[in-house]
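Here is a short briefing on one protein model. Please keep the sequence and the 3D view open while reading.

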Amino acid sequence: MGLKVTNNAFSSLNAGINSSATTIVLKSGEGARFPTLSAGDYFFATLIDTSNNLEIVKVTARSTDTLTVERAQDGTTARAYSTNDRFELRPTAALFTEVINKADAAATTGKAIAMTIVFGG
């Protein structure tokens, strides 16, 4: 249970989304590039449009190519995105902050932290 990451995961949107959408559908077969999530797991990803506007989202569920997301993470603003806009798992401040906070909590409580790093997609 917790934060998941993988290397170089990327895709593009199969359909456009508006600024309040919490479901994102990726191009067919490309969801497998992203971490598999169990209950309580999540990862941070970045939406990028053709003008290089960015939004960081927290992905809380993945079923094949369909993602459930919490929008406007890490100081970004939710906006509309179009079909074929990019979706990438990139290093973000939220990712590193989460790792540091978990390590600090583990040091304070003496408990181990759990984090899965998947190499190669």
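Strands are DSSP runs of E with at least two residues, helices are runs of H or I with at least four residues, and both are numbered from the N terminus. The model is predicted: local features need pLDDT of at least 70, side-chain atom pairs count only at pLDDT 80 or more, and totals for chains, interfaces and linings use all residues. Residue numbers start from 1 along each chain as its sequence is written, and side-chain values use heavy atoms, with hydrogens and water left out.

**Overall make-up**
- The protein has 1 helix and 8 strands.
- Their order from the N terminus is β-β-β-β-β-β-β-α-β.
- The protein has 121 residues, and 38% of them count as buried. Buried means under 20% relative accessible area, exposed means over 50%, and partly exposed lies in between (1.4 Å probe, protein chains only).
- A contact means heavy atoms within 4.5 Å. Among contacts in the protein with a separation of 6 or more, 64% join residues 24 or more positions apart.
- The accessible surface is about 6400 Å², and carbon and sulfur atoms supply 51% of that. Areas come from the Shrake-Rupley method with a 1.4 Å probe; for residues, only the protein chains shown count as cover.

**The sheet**
- Six strands, in the order β2-β7-β4-β5-β6-β3, form an open sheet with antiparallel pairing. Two strands pair if DSSP finds at least two bridges between them.
- β2 and β3 are the edge strands; each has a single partner strand, so one side of each lacks a neighbour in the sheet.
- From one strand to the next, the twist averages 35°. Axes are lines fitted to C-alpha atoms, for helices over the stretch in contact, and angles run from 0 to 180 degrees between N-to-C directions.
- Strands β4 (residues 43-48) and β5 (residues 54-63) run antiparallel and are joined by 6 bridges.
- In β5, V59 stands opposite F43.

**S11, in strand β2**
- S11 lies in strand β2.
- S11 counts as buried because its relative accessibility is 6%.
- Its side chain makes a polar contact with the side chain of E30, at 2.5 Å. Such a contact is a pair of N or O atoms within 3.5 Å; within protein, one must be able to donate a hydrogen and the other to accept it, and residues adjacent in sequence count only if both atoms are side-chain atoms.
- Leaving out residues up to four places away in sequence, S11 touches L26, K27, E30, R33, F34, D85, R86 and F87.

**S20, in a loop**
- S20 lies in the loop between β2 (10-12) and β3 (23-25).
- S20 counts as exposed because its relative accessibility is 56%.
- S20 and A78 are 58 residues apart in sequence, with 7.2 Å from C-alpha to C-alpha.
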